[in-house]
Amino acid sequence: MVRSLVDLLTTHASRHPDRTAYRYLVTGDCDGEIQEISYGRLAERARAVAAWLQERGLAGSRAMLLYPPGPEFICGYLGCLAAGVVAVPGVPPQGRAQNHRALTRMKRLIADADAKVILGGREVITVLSSMVEHLPDLADITLVVTEDIPDEAAASWREPDLTADSVAFLQYTSGSTSAPRGVMVTHQNLLDNERVITERMGHTPDVIAEYGHEMFVSWLPVYHDMGLIGPVLNTVYLGVTATLFSPLHFLQQPRRWLTVIDRYRPHTSGGPNFAYELCLKHAGPDLLDGLDLSSWKVAFNGAEPVRAATLRRFTDTFAPAGFRREALYPCYGLAEATLMVTGSTVATPPTLLRASESGPHAGQADAAAVSSGRPGPDVTVAIADPERQEELPEGEVGEIWVRGASVAKGYWRNALATRETFRATLAGREGRFLRTGDLGFLRDGELFVTGRLKDLIVIDGRNHYPQDLELTAEMAHPALRPGCTAAFSVDGGYAEGRHAYGGYAGGEADASSFVRSDVSSFGEQPVIVAEIAPESAGEAEKIIDVVRSAVGEAHGLAVRDVVLVRPGTIPKTSSGKIQRHASRAAYLDGVLAVMDAPALR
């Protein structure tokens, strides 16, 4: 009986010790340095790390994992599972701009998880060792460079006493609307979600054989659930090969993603919607010439709103390179369900629902709602009225509720939040449901996600989804960067003692600045914050007018403010989701990185 991924790793290492498990492109380039680790070597290193942890009596405790991208993280993670230690993937401090934020988050996670040991790469551990004076919490925590653990330690490894309900790791949420919480993912949760991913993405034995075990290419961060549960752990689950490289190398040159797919010809690869947009931005003739994407059968797209316009443009642009519309694979998941809940049907184009003729985007194909596919096997999805906690009929928008063996155990050391989120019940339905906090509807068995419950904008008694306002704004003018717009509401009377933007530039403002918005000063009012390219700064006044008019015409709303900010400055989660609450806070505090624009008159 398979109790954990470690059992599967042992099987693969026994049957195919020389098969490559992971191939890591150190520079992000196919012709650069490449690190490979076989299944035999991976099992040996995981056991060595596990034995080291076991010998120090750490079974059952939490281990923070702070690694740069690469195979060493995977050895450390699987080592924790093999020792019965609860892994806690974290973001290592890196670079001056990221250092303070990463350190703050790291300190919070260490304290919340009550971590007893930190496993990491040599450079990260060296940095942390020098910071004990400034971070007193580190004084009581063992720091270890796992690559220094000798291979010989593996001989003393012993199988841990695990049950299906044993916690495998804590997946801390990215905190799009609240402080991060540690989701307790059990070994059973992991195995079940790998089963769901395998079925939904068509990773059958025949397909694996057809692809010569080359199943994944991924640049996704391994500390995030999409990158970890998908490409990394489904690889171990199936005993196949994955090619990995750093998220930074992708962001520096998005074309690398496509050239790696061309080189290694995997079945499955993907990322959030913004990744496809970045590829489109860099899709010049020099990239398309000779590029072959015909092997790419599952181009998954999730973790943030999936845009119909992005799907269309990506297909049109890369069709000459062999990319097929049928490969587009919108999906939906969340950490609280381990990862995957719904996914498209392989080799079938995604289902689009044309915008309502009476809605704000009537007749616009690029504003179509995109299906996130069907629930995985033995996964139940229901749409509920969040107030009455009653199931809604097909086609009605409500909160997405999920039930199945992939639903996690709860939140670490947070019984109240666990009860509120993981213990919901529906009349006429057996079992308990996970309340996702996401809004959506079902149509012919497919899930359409419409937004976040906490992000809903209510003005004059009418509900407005921020994604709709953001889409309208982005479609209104090409200077707005796709997927880089935040819509939220503020109290119309909120002016005294705060910064305001008056729709143009930042700075101290008195009450008169709000008059320029031409809206009432009472009740909730919408604000649009959008990133634009620096070369468009001279058109700021025109862009703002166009956005105001578009939102007013499409949604019947008078926009209080349109604020244009510099690229890369709107707060996002690690998976690329817009942090609307953080954007709202920055707006109210007057700390948005406003693009230089003509002074107010």
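**Stop 1: a pair of helices**

Select residues 39–55, which form helix α2, and residues 71–83, which form helix α3. In this predicted model, the two helices pack at an angle of about 55 degrees, and their axes are 7 Å apart. That angle makes α2 oblique to α3, since oblique covers what is left once roughly parallel (under 35 degrees), roughly antiparallel (over 145) and roughly perpendicular (65 to 115) are taken out. The crossing of α2 and α3 is right-handed.

Now show side chains where the pair meets. On the α2 side, pick out Leu42, Arg45, Ala46, Val49, Ala50, Leu53 and Gln54. Their partners in α3 are Glu72, Ile74, Cys75, Gly76, Leu78, Gly79, Cys80, Ala82 and Ala83.

**Stop 2: another pair of helices**

Next, select residues 273–281 for helix α11 and residues 308–318 for helix α13. Here the packing angle is about 40 degrees, with the axes 10 Å apart. So α11 is oblique to α13. Which hand does the crossing of α11 and α13 have, left or right? The crossing of α11 and α13 is left-handed.

For the contact itself, highlight Asn273, Tyr276, Glu277, Cys279 and Leu280 in α11. They meet Thr310, Arg313, Phe314, Thr317 and Phe318 in α13. Sorted by class, the contact of α11 with α13 holds five nonpolar, three polar and two charged residues.

**Stop 3: a helix and what follows**

Jump to residues 255–264, helix α10. Which residues are buried in α10? Arg256, Trp257, Leu258, Val260, Ile261 and Tyr264 are. Then step off the end of the helix: α10 is followed by Arg265, and the phi of Arg265 is positive, near 50 degrees.

**Stop 4: an aspartate in a strand**

Select Asp438, which you'll find in strand β22, residues 434–443. Is Asp438 buried or exposed? Its relative accessibility is 10%, so Asp438 counts as buried; the cut-off for buried is under 20%.

Show the side chains around Asp438 and look for two polar contacts. The side chain of Asp438 makes one with the side chain of Tyr332, at 2.7 Å. The side chain of Asp438 also makes a polar contact with the side chain of Arg452, at 2.9 Å. If you skip residues up to four places away in sequence, Asp438 touches Tyr332, Gly398, Glu399, Ile400, Gly451 and Arg452.

**Stop 5: two loop residues with positive phi**

Stay with β22 for a moment and find Asp444, in the loop between β22 and β23 (446–452). The phi of Asp444 is near 55 degrees, a positive value in a residue other than glycine. Asp444 counts as exposed because its relative accessibility is 56%.

Now go to Ala347, in the loop between β14 (340–343) and β15 (352–353). Ala347 isn't a glycine either, and its phi is positive, near 65 degrees. With a relative accessibility of 55%, Ala347 counts as exposed.

**Stop 6: a glutamine in a loop**

Select Gln389, in the loop between β18 (380–385) and β19 (390–391). Its relative accessible area is 32%, so Gln389 is partly exposed. Leaving out residues up to four places away in sequence, Gln389 touches Trp401, Thr425, Leu426 and Arg435.

**Stop 7: before α1**

Go to Ser4, in the segment before α1 (5–15). Ser4 counts as buried, because its relative accessibility is 2%. The side chain of Ser4 reaches the backbone nitrogen of Val6 at 3.1 Å. Beyond its neighbours within four places in sequence, Ser4 is in contact with Leu162, His187 and Leu191.

**Last stop: zoom out**

Show the whole protein as a cartoon: there are 17 helices and 28 strands. Of the 601 residues, 57% are buried. And if you take the contacts between residues at least 6 apart in sequence, 74% of them join residues at least 24 apart.

Definitions and conventions: Residues numbered from 1 in each chain as written. Predicted model: local features only at pLDDT ≥ 70, side-chain atom pairs only at ≥ 80, totals over all residues. Heavy atoms only, no water. Axes fitted to C-alpha atoms, helices over the stretch in contact; angles between N-to-C directions. Helix = DSSP H or I, 4+ residues; strand = E, 2+ residues; numbered from the N terminus. Left-handed = near helix turned anticlockwise from the far one by under 90°. Contact = heavy atoms within 4.5 Å. Buried < 20%, exposed > 50% of the residue type's maximum accessible area, 1.4 Å probe, protein only. Polar contact = N/O pair within 3.5 Å; in protein donor to acceptor, adjacent residues only side chain to side chain. Nonpolar A, V, L, I, M, F, W, Y, C, P; charged D, E, K, R; others polar.
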